[in-house]
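Please have a look at the sequence and the structure on the screen, and then we will walk through them together.

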Amino acid sequence: MALINEHFLKLQNNYLFSDIAKKVNSFKVTHPKEKIIRMGIGDVTQPLAPAVIEAMHKAVEDMAGKDTFHGYGPEQGYPFLIDAIIKNDYASRGVFLEPSEVFVSDGAKSDCGNIGDMLRHDNSIGVTDPVYPAYIDSNVMSGRTGVLEDGKWSDVVYIPCTEANNFIPELPSRRVDIIYLCYPNNPTGTTLSKEELKKWVNYALANDCLIMYDSAYEAYIQDPDIPHSIYEIKGAKKVAIEFRSFSKTAGFTGVRCGYTVVPKELNAFTLAGERVPLNRMWNRRQCTKFNGTSYITQRGAEAIYTPEGKEQVKKTIDYYMTNARIMRESLQSCGLRVYGGENAPYIWLKTPAGLTSWKFFDKLLYETYIVGTPGVGFGPSGEGYLRLTAFGDRDDTLEAMARLKKWLL
Ligand code: MLT
């Protein structure tokens, strides 16, 4: 008799974005003629950069030649991509990494979930609230979260980020072993200054705590004073793993490529208190369970770092950030309280007239045919908020704002 991992039974029926997709599909059945504008899941809409397409075509040609064909690649990623990452994403900001500290993967979501393979089930978890649901759900699967009571997992420390504290998380009042930070933040679109981030690194250093730092949205930072990497903070290599993604940076949501940095200085502990380097463990895990990202994909990712690639990718990011500005201004002109959208592609808005997140989501869908993401789906402190993404097409974004203005004013 095969026994299941019963922690899976604690999960709510659907992952947040699958739940929303189901609701939108039912709406489509009853309203087949209405044009839906999707501002829910943060999926990109603009095509890949020409430099990426060209590099991928060339890589396909390589696969066609006996002498240039590639079979299994290194599980950690090809040196050509790792070198480009280190030089462009880190050395340019004064952060020096060794190639063996960077692990190329099929994206940040898988890595954020898989990283838990290395960690005991009884670590205590801290999350900023609202939070990207994959962090919580993957910990539920590993049995680290306890039971769900009134929308909160009993063994998770929730650190509220709301209007009341200007979306700045306070250090936890209860000890946590592992803390998840995502900046620029999904879902609120807010950021942390260097000083604020330093507080977390110092907390982790003082408490032997591990920080999971998701910086999937760093390419959207406009303000030069906001850190792009946690390793810009002194001491962070001793306490933090950093996740990066090409999904939002370069439109790779359908291509799948990202990377994770596990510094050599970073240790966790055995029950007996012995320090163990996580870099070695993650390498062992990847070699066993992962055969690397495809050669064609990695050649595409490498092209992002060429001069043409950089320019083309920046143009697309500017396009989405112009959407974000249009959305902020339109929503504010309707009297809504709006956050984010200045250094991130997400707009976090306070629902009008005290509506709950789901009530506002339903009204928005049924009365304006616009899909958002209910804030409470990201955690209890998200109640009374809704998230909209700026990843839409310009015409759709303008139309959505016109519909909202007509509806709200
Ligand atoms: C989101 O909408 O929060 C993201 O697109 C989800 C993801 O990156 O997996």
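This is a predicted model: local features need pLDDT of at least 70, side-chain atom pairs count only at pLDDT 80 or more; totals for chains, interfaces and linings use all residues.

Residues are numbered from 1 along each chain as its sequence is written, and side-chain values use heavy atoms, with hydrogens and water left out.

Let's begin with the overall layout. The protein chain is divided into domain 1 (13-47 + 314-408) and domain 2 (53-307), with bounds that come from an automatic or database domain assignment. Between the C-alpha centres of domain 1 and domain 2 there are 26 Å.

How many residues of domain 1 are in contact with domain 2? There are 28 residues of domain 1 in contact with 35 residues of domain 2, where contact means heavy atoms within 4.5 Å. Together, domain 1 and domain 2 bury about 2,400 Å², and 60% of that is on carbon and sulfur atoms. Buried area here is the accessible area (1.4 Å probe) that two parts lose on being put together, summed over both. Tyr15, Asn343 and Phe378 supply 27% of the area that domain 1 buries against domain 2, more than any other three residues.

Now for the polar side of this interface. Eleven residue pairs, both at pLDDT 80 or more, are in polar contact between domain 1 and domain 2. A polar contact is a pair of N or O atoms within 3.5 Å; within protein, one must be able to donate a hydrogen and the other to accept it, and residues adjacent in sequence count only if both atoms are side-chain atoms. The rule also finds one salt bridge across the interface of domain 1 and domain 2, meaning a side-chain nitrogen of Lys or Arg within 4 Å of a carboxyl oxygen of Asp or Glu. The side chains of Glu163 and Arg337 form a salt bridge at 2.7 Å, N to O. On the side of domain 1 that touches domain 2, the elements giving two or more residues are helix H10 (307-333), strand E13 (338-340), strand E14 (346-350) and strand E17 (385-389). Helices (H or I, at least four residues) and strands (E, at least two) are DSSP runs, numbered from the N terminus.

Next, the annotations. In an unreviewed entry, UniProt lists Lys248 for "modified residue: N6-(pyridoxal phosphate)lysine". UniProt positions are in the numbering used here, feature names are shortened, and annotations may be inferred rather than shown by experiment.

Where does Lys248 lie? You will find Lys248 in helix H7 (residues 246-250). Is Lys248 buried or exposed? Lys248 counts as buried because its relative accessible area is 13%; buried means under 20%, exposed over 50%, and partly exposed in between (1.4 Å probe, protein chains only). Beyond its neighbours within four places in sequence, Lys248 is in contact with residues including Gly42, Ala216, Tyr217 and Tyr346. A polar atom of the Lys248 side chain lies 3.2 Å from the backbone oxygen of Gly42.

The UniProt annotation "binding site", again from an unreviewed entry, covers several residues, among them Tyr72, Lys109, Tyr217 and Asn291. The annotated residues are spread over 220 residues of sequence and, in space, up to 34.1 Å between C-alpha atoms. Take two of them. Tyr72 sits in the loop between helix H2 (50-64) and helix H3 (79-90), and at 73% relative accessibility Tyr72 is exposed. Not counting residues up to four places away in sequence, Tyr72 touches Tyr78 and Asn291. Lys109 belongs to helix H4 (residues 108-114) and is partly exposed, at 43% relative accessible area.

Asn323 is in helix H10, and with 0% relative accessibility Asn323 is buried. A polar atom of the Asn323 side chain lies 2.8 Å from the backbone oxygen of Gly392. Tyr135 is in helix H5 (residues 133-141) and is buried too, at 2% relative accessible area. The side chains of Tyr135 and Asp214 make a polar contact at 2.6 Å.
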